[in-house]
Amino acid sequence: MCQLLGMNSNVPTDICFSFEGFCARGGKTDEHRDGWGIAFFEDLGCRIFLDDNPSINSPIAQLVKQYPIKSKNVIAHIRKATQGEIGLENCHPFQRELWGNYWVFAHNGNLDNFEPNLRGIYQTVGTTDSEKAFCLLLETLRQSFPNGKPTLLELYPILKTITQNLSRYGIFNYLLSNGEYLFAHCSTKLHYLVRQAPFAAAHLIDEDVTVDFRALTKKNDQVAIIATLPLTDNEIWTSISQEQLLVFQNGNLIM
C-alpha cells in the first residue's frame, strides 16, 4: 500500500531531509512507484506538487528535495495503486476548500465496496476510494457545522465519528490538515517523533544522509514528523495505536 509523510512545526521549516528518505521509497528502497505528491501550507496559500511517475525518477521530486520551501504544515504521499488507474488525477494529496481554508488529505489503505452517494458540493475528479472518502468527510463536516468554522473541541468528535465510520470499510490511515492543525489517524501503521531542544544529528534509513539539527535550529523550535514507517535509525519514533486520531499544532501533540 501507499506511504504517508507529514510535518507540523511551530516555525516555518523545510522538509528536505525527511523527504529525501521518503522519496527513496518510491521505487528505490520500496515498491511505491505509482505516483507521488506533496503539499506545503504557506499562510493562507497551499503549494502542491504532483507527479504520476515514481518519485525516485521524478524531476519534480528532485526539485522538491533541493528546494527548501518553508512551511508549518506539510503532507506528502507515495502511491502504490489499489483502486484507480495510475494518473495525475489519482495522485495524493487531494485539496478542497472548506470554511475559507484549503484542506489537504492523503490516505494509505484500501476501502472495500465503498461507494458513497456524493450529492453535496464535493465531487471526485479521479477514481480512487481515497478521494471519495475525502469528499464524504468534508461534506459531512460542512453539513455538521452549517454556521461556519467550529472550534477544535467541536470539530474533533465529529471527525472522530466520521473516521470510525469510514474505517469499517477497510484500512484508513490518513493525514489531514487545514494549515492550522495536522490530523493523523492510524488504522494499521503510523509513527511520529517530535524534534526539540536539545537537538542532535539524525541519519536516514533509506539514504546514507545525516543532518545535524543543532546547526540548523533555534532552542525554541519544535517539529513533529509523522510517517507510515520511521525515516531515521538513530531517533526514537512512537508507534501510534490503532484507531487513534491525533492532532498536532505548532509541533506539539495536543489531542
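Reply: Strand E4 covers residues 71-78, and seven of its eight residues are buried, so the strand is largely enclosed by the rest of the structure. Buried here means under 20% relative accessible area, exposed means over 50%, and partly exposed lies in between (1.4 Å probe, protein chains only). Strands (E, at least two residues) and helices (H or I, at least four) are DSSP runs, numbered from the N terminus.

The model is predicted, and local features therefore need pLDDT of at least 70, side-chain atom pairs count only at pLDDT 80 or more, and totals for chains, interfaces and linings use all residues. Residues are numbered from 1 along each chain as its sequence is written, and side-chain values use heavy atoms, with hydrogens and water left out.

Strand E4 is paired with strand E1 (residues 3-13) through seven bridges, and these two run antiparallel; two strands pair if DSSP finds at least two bridges between them. Within this pairing, Ile78 of E4 stands opposite Gln3. Strand E2 (residues 36-42) is also antiparallel to E4, joined to it by six bridges. There, Val74 in E4 is the bridge partner of Phe40.

Phe40 leads on to the aromatic rings. Rings of Phe, Tyr and Trp (its six-membered ring) pair if their centres lie within 6.5 Å; planes under 30 degrees apart count as stacked, over 60 as edge-to-face and the rest as tilted. By this rule there are 13 aromatic pairs. One of them joins Phe40 and Phe49 edge-to-face, at 6.3 Å centre to centre with 85° between the planes, and both residues are buried. Another pair, Trp99 and Phe145, is edge-to-face because the ring centres are 6.1 Å apart and the planes stand at 75°. This pair links distant parts of the chain, 46 residues apart: Trp99 is in the loop between E5 and E6, and Phe145 is in the loop between H3 and H4. Phe145 counts as buried, at 14% relative accessibility. Ring pairs link Trp99 and Phe145 with Trp103, Tyr181 and Phe183 into a cluster.

In helix H3, the buried residues include Phe134, Leu138 and Leu141, and the buried residues of H3 pack against E5, E6, H4 and E7.

Finally, Glu31 is found in the loop between helix H1 (16-24) and E2. Glu31 is partly exposed, with a relative accessible area of 46%. Leaving out residues up to four places away in sequence, Glu31 touches Arg25 and Lys80, where contact means heavy atoms within 4.5 Å. The side chains of Glu31 and Lys80 make a polar contact at 2.8 Å. A polar contact is a pair of N or O atoms within 3.5 Å; within protein, one must be able to donate a hydrogen and the other to accept it, and residues adjacent in sequence count only if both atoms are side-chain atoms.
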